[in-house]
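Keep the viewer open and follow along.

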2 protein chains.
Amino acid sequence: MKAAGVIVEYNPFHNGHLHHLTETRKMTNADLIIAVMSGNFLQRGEPAIVSKWSRTKMALNAGADIVVELPYAFATQHAEIFASGAVTLLDALKCSAFCFGSESGDIAAFEETVRYLHRHEEKYNAFVQEYIKLGMSYPSALSKAFQSLDDKQDLVNLSLPNNILGYHYIQARNSIASGMKAYTLGRKNANYHDEGFTDETIASATSIRKELGKKKGNIKSVRSFIPPSTFEELEAYQDTYGVFHDWEHYFPLLKYKILSSSPEQLSGIYEIEEGIENRFKSAAYSSSSFQEFMVTVKTKRYTWTRLQRMALHILTNTTKKEMNKHPSPQYIRLLGMTDTGRDYLNLHKKELSLPLISKLSSADPDDIYLDVKAVDIYALGSKNPDIQRKLIEQEFKQPPVYLKNE
Amino acid sequence: MKAAGVIVEYNPFHNGHLHHLTETRKMTNADLIIAVMSGNFLQRGEPAIVSKWSRTKMALNAGADIVVELPYAFATQHAEIFASGAVTLLDALKCSAFCFGSESGDIAAFEETVRYLHRHEEKYNAFVQEYIKLGMSYPSALSKAFQSLDDKQDLVNLSLPNNILGYHYIQARNSIASGMKAYTLGRKNANYHDEGFTDETIASATSIRKELGKKKGNIKSVRSFIPPSTFEELEAYQDTYGVFHDWEHYFPLLKYKILSSSPEQLSGIYEIEEGIENRFKSAAYSSSSFQEFMVTVKTKRYTWTRLQRMALHILTNTTKKEMNKHPSPQYIRLLGMTDTGRDYLNLHKKELSLPLISKLSSADPDDIYLDVKAVDIYALGSKNPDIQRKLIEQEFKQPPVYLKNE
């Protein structure tokens, strides 16, 4: 059986993601699709609107066959570590290919860009250091350094977010010497209309979340942009848990955490450096909302996303020591599968290069410590102690989601 | 000018406290009364119902002339450290006497008890260790050890809470070789009727808080138990801050703190020992309220008060290292004064044995660190960010409360 991998967040799943799954299956000619999905907290340093279990159901219903979790230690990181964790998991799961969305859409250009930057590594790094010293944010420095290099032909534009991720996926694959073939689906060039999509049926996850966040019970307003199964799952989540998780729900806890911590304690948190803890402290005192807090701490030196990840690590009390413990994933956490997915795992379970965890209770508590803590904190997005308990207990009691193929 | 000291919490001030102030003035024949008062968190490990500023106004309006703060590092401690901090401050303020309420009411018996236990110290301590090994709580072991000693005549019953405090006041005075004369006012023998009090006008602070905690706006139901000035102050506090502080308001923060901390991190918190952090962790998961949490962690080994103090130190993130930094107060924090009080301070300011802090901004941030943090956390008892900011800013902007004598 031939498996193709995708690296996703599904926050929430929408018609664009459906298109990506359908095209991946076609382009790679795979028998099944394996999705590596971020858990409850995401790469931009924010809570997922609904839990990993709910998003796993969305994925399986829309065409994924296996969903595994990208652990907190990789999911909430900048592109390089995020990509390295995700690609390592797809390789460990014996995928023969993977497919990512990009602004470029040209896989040959990605391969060439990785080779090109490998050849010019020293020069490139020197430029990056130079621009950082001038006060640029890290992504701006990367982009500017890239522009400063000569002899660039047929390369990918590395100032666009999905191109950057794609670049790191291929670089990660090369660095672990994986044989997986890479594919990319152009976001702009996608022939959505062939798939029955129109402009009226495609919206970004961001705009969908914005709509859902406005007030309770307006899931109907995003109905045309999501598959019917996602719609049902969003309704079920709201009925069961009464909440779509949002940073604002966690702001009182973040504020308390910052006010009750000394600057020294804050500087032990992952990514906190260069005295930014003092900016966080004074912003926590003066701010009434997470939005206000972020606007107050924002400087040219750091991107919004990076600051938001710092805030997340403060919220989850994730220290440098904890985060740097393992440079690569130690296990594969199975969140869900179809029966095709189950057949595949039965067939390959002895070849998997990392242990497969189906039940949390059978895992080494040390290994899963950060992920369990993330679930505990995520649960506090509800004010209701019964709902909190339900969300926490689910993590230990819920077996992988199982979906029978039709 | 002759000053007499009292050691108080005023949570809130009531007619029993008024009686204590009036009697202290009479018994000691003092020109003024100096109150050492706990700040926003109290000896039983709980938040004061209203802030230290509000309680300072109550005290000045009812007859105290100077109110100074017993710092967090002493106010939230067991009787011995609490007493030692408070007595040190009264002595530093040049009081010639102090007066405490007790079940006994017999000051000679207190003095004799302190001498007696000093003589039998070794035997007493050996008994205490023995009873603790048998699984008794510390106060029970103290009480039982005391009972086990021979030749006790005319001694105070040290199983009663106010007698225990009184014992430690006198012991503390002796250990710093202070010349202050001790007085005690019997709680049971107090001739309330002489003062115009009847059974209908005296209620404990506990029962008053219970009544105030029931629902908002029922200050009127406790009106007969408190002086009119306290009544007005409670009304003003509710109007301005919209809250009477209660442990339940802080429970979501405590729960978050426990869930986001490793057992190792919790065991670094002051008073946390012998694996109690694991009980706290599992109780935090299962509890929906502070009351439920406390009932769940309660064991025979620890008193409710001691466990509540542990919970408070977790909430305020107060480590062993922070708490053990200074064995005695480093400063006198002035909260309020009448003009008699001001005259006294002007007269004696050069003789005070500790620096007097009137403005927080002029204090060494290291010295006041725990007290400032306590104010920050106390402010989170309100859910309203504007109120939180008001309570926090007050601490730095509010000059000592000043009341002109009539």
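This is a predicted model: local features need pLDDT of at least 70, side-chain atom pairs count only at pLDDT 80 or more; totals for chains, interfaces and linings use all residues.

Residues are numbered from 1 along each chain as its sequence is written, chains are lettered from A and ligands numbered from 1 in the order in which they are written, and side-chain values use heavy atoms, with hydrogens and water left out.

Now for the place where the chains meet. Contact (heavy atoms within 4.5 Å) involves 29 residues from chain B and 29 residues from chain A. Since 100% of the interface residues of chain B are also interface residues in chain A, the copies meet through the same surface. Together the chains bury about 2,300 Å², 53% of it on carbon and sulfur atoms; buried area here is the accessible area (1.4 Å probe) that two parts lose on being put together, summed over both.

Zoom in on chain A. It splits into domain 1 (3–105 + 185–245 + 329–403), domain 2 (117–155) and domain 3 (248–320), with bounds from an automatic or database domain assignment. Domain 1 and domain 3 of chain A have C-alpha centres 27 Å apart, and their contact takes 21 residues from domain 1 and 14 residues from domain 3. About 1,500 Å² is buried between these two domains, 56% of it on carbon and sulfur atoms. On the domain 1 side, A:R44, A:Y72 and A:I377 lose the most area, together 30% of what that side buries. Here too, the salt-bridge count across the interface is zero.

So where do the salt bridges sit? The total over all chains is 40. One of them joins A:E274 to A:R301, with the closest N and O atoms 3.8 Å apart. A:E274 lies in the loop between α12 (263–266) and α13 (276–286) of chain A and A:R301 in the loop between α14 (290–297) and α15 (304–315), so the pair ties together parts 27 residues apart in sequence. A:E274 is exposed, at 56% relative accessible area, and A:R301 is partly exposed, at 30% (buried is under 20%, exposed over 50%, partly exposed in between; 1.4 Å probe, protein chains only). In chain B, B:R301 and B:E274 meet in a salt bridge at 3.8 Å, N to O.

Finish at strand β4 (residues 97–102) of chain A, where five of the six residues are buried. Strands (E, at least two residues) and helices (H or I, at least four) are DSSP runs, numbered from the N terminus. β4(A) runs parallel to β5 (residues 181–186) of chain A, joined by six bridges, with A:C99 opposite A:Y183. β4(A) also pairs in the parallel sense with β1 (residues 3–8) of chain A over two bridges; pairing calls for at least two DSSP bridges.

Notes
A salt bridge is a side-chain nitrogen of Lys or Arg within 4 Å of a carboxyl oxygen of Asp or Glu.
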